[in-house]
Amino acid sequence: MGITVKGNEITFSEDMFIVSKTDTKGNITYGNETFIEISGYSEDELIGAPHNILRHKDMPRVVFKLLWDKVQSGEEIFAYVKNRTKSGKYYWVHTYVTPTFSIDNSKIIGYHSVRRSPNSEAIKLIAPIYAKMLQAEKFGSMEASAKILNDTLQSLGVSYEKFILSYE
Ligand SMILES: Cc1cc2nc3c(=O)[nH]c(=O)nc-3n(C[C@H](O)[C@H](O)[C@H](O)COP(=O)(O)O)c2cc1C
């Protein structure tokens, strides 16, 4: 139970949820205790900071493009994300991001995300795919990276979302 540190990896128990909110530009407006504790940043450091403060260099850009495209168009998305803590450790999350609408539902006023501990089998599968995508982004293009994700999912016969949800 709780938070476990093994080498550079931080894992956390299934009953823990990392919650954060951002404005429309992705600047953090709220973080719960668990977010503060696991990320290693103080509340003061997090509030107002861009959410990419947690960006890990192993994450392909295409995943964040997918995330932003979805939420900016008013939809929700599930994704696996590897995050970097203040001290340089990492933690994987199964994240769910949704837009928050104004009271009259006419516009998006921010975003909300809830993350939980991911299934370790899913991470074993997704980590090498992300690594391949990253290589494609470094030496090829965003399109080449997206193609790797799409081709892999197609060979499994699922959408990115279904793939993620199948490992609930
Ligand atoms: C609600 C919300 C939560 C986010 N959570 C994370 C996160 O935990 N880790 C992360 O690297 N990016 C997260 N992002 C995406 C970042 O805004 C950013 O797009 C990403 O870190 C890539 O950085 P870059 O756009 O500077 O390349 C989140 C975005 C939103 C809207």
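A residue counts as buried if 20 or more other C-beta atoms lie within 10 Å of its own, and as exposed if 12 or fewer do. Keep that in mind as you work through this predicted model.

**Exercise 1.** Find the buried residues of α3 (61-72) and work out how they are placed around the helix axis.

*Solution.* Start with the burial cut-off: Val62, Val63 and Val71 are the buried residues in α3. Next, look along the axis: these residues cover an arc of only 160°, so they sit on the same side of α3. Now turn to the other side of α3, where Asp69 and Gln72 are exposed. Finally, ask what the buried residues pack against: β5, β6 (90-101), β7, α4 (120-139) and α5 (142-156).

**Exercise 2.** Check the span of α3 against its number of residues.

*Solution.* Take the twelve residues of α3 at 1.5 Å a residue, which should span 16 Å. Then compare the end C-alpha atoms: they are 16 Å apart, so the two values agree. Just after the helix, Gly74 takes a positive phi of about 90°.

**Exercise 3.** Describe the shell around the ligand, by residue, element and class.

*Solution.* Second, the elements: β3 (18-22), α3, β5 (77-84) and β7 (108-116) each give two or more residues to the shell. Of these, α3 gives the most, with three residues. Third, the classes: the shell has six nonpolar, seven polar and two charged residues.

How values were computed:
Residues numbered from 1 in each chain as written. Predicted model: local features only at pLDDT ≥ 70, side-chain atom pairs only at ≥ 80, totals over all residues. Near = placed C-beta within 6 Å. Helix = DSSP H or I, 4+ residues; strand = E, 2+ residues; numbered from the N terminus. Nonpolar A, V, L, I, M, F, W, Y, C, P; charged D, E, K, R; others polar. Expected span 1.5 Å × (residues − 1). Arc of directions from axis to C-beta. Contact = placed C-beta atoms within 7 Å.
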